[in-house]
Amino acid sequence: MSTTEIVTLSAAEMAAKVKAKEVSSRELVEAHLEVIEAAEPSVKAFLKVSGDQALEQADAFDAKSDEEKAQLPELAGVPIAIKDMIVTKGIETTAASKILEGWVPPYDATVIKKLKAAGMPLLGKTNLDEFAQGSSTEHSAYQTTHNPWDTERVPGGSGGGSAAAVAAFEAPLALGTDTGGSIRQPGSLTGTVGVKPTYGGVSRFGAIAMASSLDQIGPCSRTVLDAALLQEVIGGHDKRDSTSIPEGPRPMVAAAREGMKRDLKGLKVGLIKELGGEGFQPGVMARFEEGVKKLEEMGAEVTEVSLPHLPYSLGAYYIIMPSEVSSNLARYDGMRYGLRVMPPADVPQTAANMMAYTREAGFGDEVKRRIILGTYALSAGYYDAWYGSAQKVRTLIIDDFKKAFEKVDVLVGPTSPVTAFKFGEKTEDPMAMYAIDITTIPANLAGVPAMSIPAGLSDDGLPVGFQFLAPQQRDEAMYKPAAALEAALEEDWNGPIWQSLKTPWLDGLGK
Amino acid sequence: MPTFTKEEIVHLGDLARIALTDEEITRLQGDLNVIAESINKVQEIATDDVPPTANPIPLEAYLRPDVPETPLTQEEAIAGAPVSEAGMFVAPRILGEE
Amino acid sequence: MAEKLMKYADAVKKFDPVIGLETHVELSTTTKLFCPAEVSFGGEPNSQLTPVSLGLPGSLPVLNKTAVDYAIKLGLALHCEIAEWSQFSRKNYFYPDMPRDYQISQYDKPTNGNGYLDVELEDGTVFRVPIERAHIEDDAGKNTHVGGADGRIEGADHSLVDYNRAGVPLIEIVTKPIEGAGERAPEIAGAYVRAIRDIVRALNISHARMEQGNMRADVNVSLRNSPSDPFGTRSETKNVNSFRGIEKTVQYEIRRQAQILSEGGEILQETRHWDEASQTTAGGRVKSDADDYRYFPDPDLVMLHITKEHIEEMRAQMPEMPRERRNRLKGEWGFNDLEMRDVLNADALDLLEETVKAGATAAGAKKWWLGELSREANAKGASLEELPITPSDVAEVEKLIADGKLNDKLAKQTVVGVLAGEGTPAEVVKKHGFQVVSDDGALEKAVDEALAANPDIVEKLKSGNMKPMGAIIGAVMRATRGQADAKAVTKIVMGKIK
């Protein structure tokens, strides 16, 4: 098989070929490393490529006996890229921040342990907005990642690196972290699948904390089934994470396979009334509405559902998130790891000043903005009005979802109001950047699972994302209709959405 | 509605231990006032009868058995230290502020 | 620079002191509060850390069950209401010994609230100290200051940080304002912290050695003109680590504040420090905005649910409480108030009990621990427990006396031998050949010689004046190198002068 043939397979197909001994894990890794080398100059998805380690892991997997391999999850042998927000033992982990430059963790995140145990080689660490704070990956301290669909445009964020890597065939799978849409929105902007599991469904141990009550690790992939397979590998209870749900992963793979039969009779789908209208590009709404029609054609009953407190979610999010950020990022103080900057000579050379100058130099503007905002929201005298109020709004939003899910099985809406925008287009106005998260934030506030799948291309030729949301701890409920919609759309398109993607970096790659 | 004064930003910078530059302080003042205005409306619906939610999934604490596990080695622990001495992390002069 | 202080008697006549105590007790769990790193002291620096206690990015806290068990037991002992749901919050502040730059502590939803402790004072009076809360939190690391004079923070050039202590579980017991203490405020403060120490030891939840920092107290003192007035501004003296220090701090602060107030001055709300060397408190930091700790519920931890069953399970494990135990032992031993107080002041209750258990009489045990051994401990600056002699050693010596195998003098020498590391009492006796000479010819011969050398004494004894008997016994003792039994000597002498 040629490199292009290999890397354009889905992860499930790669796994099947590994199982059939048509391809080895090493060959999969080599093919992807070749694509990475070719694509990176224009895409810049990776902060660090861990090729040697990946090959070692692949060889270790290939050397296993058939009996040993049979014990492993379906994705065994298939490589994966990791957002650099997730801690990897022995591989530099920076959260795309100068303050962590050069930090080599002495431990693995729980999800990394699970991937290693599953025999899945780690290709490297992908770019993100610094500490996952941003919606375009422009806030990385190291590099700007380009959208494979149009390299003049952002891949979304914060997990732009993982999404771009998967879209550009540099990796069949990637892990992301989603605090307010950081997996789903880049998925939407790059024509890939991105899933934020139920809060607590995947261990956060080893995910560098941004906003602990909102953060969740999840899969990035090119197909719904691949995401389901990956979520079953990384999901389940972890005693190292107190917020981890004490249950195993849901039957998501079965649900996705069921969905591929494209029978949605009896499924109740709710259109979120509050998502749409002003700020939503017409091309986005058009693709979304076509998707809804497809669901109906497959037998789903579609009704409009109101979540009346949703308009308050952006405000609540921009209190809770920076508050937790301000505390979570306190530890970057120049004492134990990462950057240390001593004050200028005319300033007393004290520990306190060292911390202040380290943090001034080590954090970017967006991170500082959120730390200051969060420090304010938590401070005495303002706590009740801000943090306290936001927590109450959270209760109301959770209740809205509960009531909605009494009426419907899944909720749907556009993943992002806009398609990929140009570099610098929104960096000057923080509120404009924040506002595009309005569609993805509610799931994080409510802890419900949500996923984005490609809904087609907008008039501008750029991908649009279709979002499904399911009740807490019922992640499988969204996989079925998502897989059904994917199958129905691909039939219309005569193949996956990436057929329309120009991939000059794949031209002329090895046989 | 809160409005951020320059002094407040300076104070917040102190609390957050960030040596903000004057230019940053001015910019943050503008940014935060815009952000504050838009998020201030959460208070409209946060009435007394609504309980707060700290954690979206209602879990109770898992209690870990009191059994030791192998710790990091000293070498691993201090490997990332910007400055270390005799197996310890070095802090510049600490004022007796606590 | 000595501050002006009002005389204590005048100060408490003029003002009504209100005190408050925040006592930190380090729990003796095997592992840390939020991670499975072992709690151990004296090891290599930074060798007892997991990613959690080092505050590495991505690490998450998971609560130690034993720490919760201990908190429940303490709550029961302090008659607290144990919350069905309690919560951990983050106390945010930057300090080099804080691995995450926030402490995880309980804030508005502590595990234990609203209790009390009955404290027995010197004269037997019982004073009830109201408890506000007893909450769980984690400790910070340790700074060693380098380059300054005698390791003090002032003038140090830089500090070395060892995070081994970071994450060790603490319980902070906070009293309500203690009113009505009057002139006995210092005594009550000291007795209260002693009572806490006794309780946590009885519960076996802490080593509770103040001198080793397992326990430390913050002492709040304020004055007001009369008990009907609102509370005055308080000072908070941090980290006092001896019972005497606590009493002295209260006394000093009452005198200092009384002086200021009587001169029309104002008390600053500040943190102060007790200086053992000068026996004064020194001004520290005035409370300010910098104390904005931005508490909020720790989103990495979920609510702690303590069930009724859990509480009952702990209640079933509760040992006898120290006050009840003291009263029981006092009766069993037949001690009067004064004797009992001496035992308690000498910190010898446990040792006495074990010595009695090992077979000694209460009086015999007391004689050793409060006599010879207390002197030895004082001389060495050690606690009784730290002496290299065990309660069973003491009981063994007592048995040798009772069996007539040792006299008092030899017994003392035996104890000296044990303290010198020469072995058990039996081994020491054997090594030195200690043996009471009581009934053989050698003794009779020595008596004869002593009598022959002292004819004047013999005359006095014959005339019924028994006073010089001691001189004869002394002479016999010298002759037998102390191995004579005084009683036996007296008996022989009496026989000879008849």
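Two residues are in contact if their C-beta atoms, placed from the backbone, lie within 7 Å. The model is predicted: local features need pLDDT of at least 70, side-chain atom pairs count only at pLDDT 80 or more, and totals for chains, interfaces and linings use all residues. Residues are numbered from 1 along each chain as its sequence is written, and chains are lettered from A and ligands numbered from 1 in the order in which they are written.

**Exercise 1.** Locate Ser158(A), determine whether it is buried or exposed, and list its contacts.

*Solution.* Step 1: Ser158(A) lies in the loop between strand 3 (122-126) and helix 7 (160-167) of chain A; helices (H or I, at least four residues) and strands (E, at least two) are DSSP runs, numbered from the N terminus. Step 2: Ser158(A) has 34 other C-beta atoms within 10 Å and is therefore buried (20 or more count as buried, 12 or fewer as exposed, and values in between as partly exposed). Step 3: not counting residues up to four places away in sequence, Ser158(A) touches Leu128(A), Asp129(A), Ala132(A), Gln133(A), Gly134(A), Ser135(A), Thr137(A) and Ser182(A).

**Exercise 2.** Repeat the analysis for Ser182(A), then consult the UniProt annotation.

*Solution.* Step 1: the loop between strand 4 (173-177) and helix 8 (184-190) of chain A holds Ser182(A). Step 2: with 37 other C-beta atoms within 10 Å, Ser182(A) is buried. Step 3: leaving aside neighbours within four places in sequence, Ser182(A) is in contact with residues including Ala132(A), Ser158(A) and Thr177(A). Step 4: an unreviewed UniProt entry places the feature "active site" at Lys83(A), Ser158(A) and Ser182(A). These residues span 100 residues in sequence, but no two of their C-alpha atoms are more than 10.6 Å apart, so they gather at one spot. Such annotations may be inferred rather than shown by experiment.

**Exercise 3.** Describe how helix 12 and helix 14 of chain A cross.

*Solution.* Step 1: the axes of helix 12 (residues 313-328) and helix 14 (residues 365-378) of chain A come within 7 Å and cross at roughly 100 degrees. Axes are lines fitted to C-alpha atoms, for helices over the stretch in contact, with angles from 0 to 180 degrees between N-to-C directions. Step 2: helix 12 of chain A is therefore roughly perpendicular to helix 14 of chain A (65 to 115 degrees; under 35 is roughly parallel, over 145 roughly antiparallel, the rest oblique).

**Exercise 4.** State how many residues chain A and chain B bring to their contact.

*Solution.* Step 1: chain A supplies 58 residues and chain B 48 residues. Step 2: helix 15 of chain A gives the most to the side of chain A that touches chain B, with eleven residues.
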